[in-house]
Amino acid sequence: MDAVFDLNQTMKLHLHVQKDDEPLFKELTEQYAAACSEISEYVFDHDFILNFQDLQKALYSHIRTDYKLKAQFTISSFKTVTARYKTVKTQLFKKPFKYKNEHGKWETIPRTLEWLQKPIHFKRPQADFVRGRDYSFVNGKSGEKLLSLNTLGRRIRVSFDIPEYFGRYLDGSWKFGGGKLVNLLGEWYFHISMVKVAAETFDSSHPAHVVGIDRGLRFLATTYDETGKTVFYDGKKIMAKKDAFQNIRSELQTKGTKSAKRALKRISGRENRWMSDINHQISKTLVSKYGKGTLFVVEDLSNVSFDEENLSSRTKQQRQQLRTWAFYQLEYFLTYKAHASGSDVQEVAADYTSQRCPKCGRILKFNRRHETHEYMCDCCGFRSNDDRVGAMNIQLLGTMYVSGDAHPRFGARKET
């Protein structure tokens, strides 16, 4: 069966803002964020009402008057808040609450918005723009491309750094969506969402390659394909740098001064950008290596717990690294890059992928030896790197999916 993907991208433009125009941007983004925070409090206090019409009826006049927002910005503020809550709702659903019942067995409870202890707060100054109404591309006097942006006062034109890829988005195949004005370290940026409908197709029944990907720390990604080839993406240096970030954070948190808190914010942003860059590099390498028509198979980590008991064999440092590394981000980057190239990403059940012998199918927890990073089957004698074994089992689940099993998974065998 052919799958058709809508390709979504975000174009980030660095703006050249004139000194006289900067106060207009600052006023708009601060007022917009404050309005969003008040709407968010209303949503929180009224049983998480997310119906746009109901919110507009209750708050429109007040928000527009008190925050001096124009009509379209007022409407956009409601959409910004409801979209944020819907995103959080999805995130909570993917991470259910886990507890042990009276029989010592783990059970889960789905988490909803009612689990939030306080309203979502929009700390970062921002403003969302509607294409055609609040922003548009125009030509300057000398023919250069400019952005025409609305503010609370007047409409202004700003120049921007034109990325090398800018031209390909103007070929008529891309549809421009909303824009977001943000400030990062004193610089102004405008983010534009774009979609390319039916950009690529993927035949899930006849993929060119089926690649299993095991994500971890010692190796950020270990891949195994249908030819039996294994590739390890070393994470030793990456984790060393992450530990360095953690040590700096610990020192700053101990100080507790205002300057230390400001430094913590800078460090956090720097670390997040660095982690994103690493995940971009890995996902780009994988997509480029295998090309069009590849099915990348990853474990579904939504129900995988990184609590103390499940990580009892890991050191305190390793447990901290597992909880904070952006595994989901790597999957997200890989997915949209795969779709852009006519490939796809499929999640499979994570059950027993690290405990199953790829040769005889034996499932035994203690066959995996964390201390030596090995898997040694007590039944058939198969022996290999434990991350490679995980990738092999994930790849097999992908093959089962291609063969028609919509929900492939491994069942436990009795341990003897």
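Just after helix H8, Gly 404 adopts a positive phi of about 120 degrees. The model is predicted, and local features require a pLDDT of at least 70, side-chain atom pairs count only at pLDDT 80 or more, and totals for chains, interfaces and linings use all residues. Residues are numbered from 1 along each chain as its sequence is written, and side-chain values use heavy atoms, with hydrogens and water left out.

Helices (H or I, at least four residues) and strands (E, at least two) are DSSP runs, numbered from the N terminus. H8 covers residues 386-402, 17 residues in total, and spans 25 Å from its first C-alpha to its last, close to the 24 Å expected; the expected span is 1.5 Å times one less than the number of residues. At the N-terminal end, H8 is capped by Asn 385, with a side-chain oxygen 2.8 Å from the backbone nitrogen of Asp 387. The buried residues of H8 include Asp 386, Asp 387, Val 389, Met 392, Ile 394 and Leu 397. Buried denotes under 20% relative accessible area, exposed over 50%, and partly exposed in between (1.4 Å probe, protein chains only).

Strands are treated as paired if DSSP finds at least two bridges between them. Strands S2 (residues 97-100) and S3 (residues 106-109) run antiparallel and are joined by 4 bridges, with Tyr 99 opposite Glu 107 in S3. The two strands form a hairpin with 5 residues between them, and Gly 104 in the turn has a positive phi of about 80 degrees. Strand S13 (residues 294-299) runs parallel to S14, to which 5 bridges join it; Val 298 stands opposite Glu 347 in S14. In S14 (residues 344-348), 4 of the 5 residues are buried, so this strand is largely enclosed by the rest of the structure.

A salt bridge was defined as a side-chain nitrogen of Lys or Arg within 4 Å of a carboxyl oxygen of Asp or Glu. By this rule there are 9 salt bridges. One of them joins the side chains of Glu 331 and Arg 215 (3.3 Å, N to O). This pair links distant parts of the chain, Glu 331 lying in helix H7 (residues 327-340) and Arg 215 in strand S10 (residues 209-215), 116 residues apart. Both Glu 331 and Arg 215 are buried. Arg 409 forms a salt bridge with Asp 351, with the closest N and O atoms 2.2 Å apart. Asp 351 is partly exposed, with a relative accessible area of 30%.

Conventions
A polar contact is a pair of N or O atoms within 3.5 Å; within protein, one must be able to donate a hydrogen and the other to accept it, and residues adjacent in sequence count only if both atoms are side-chain atoms.
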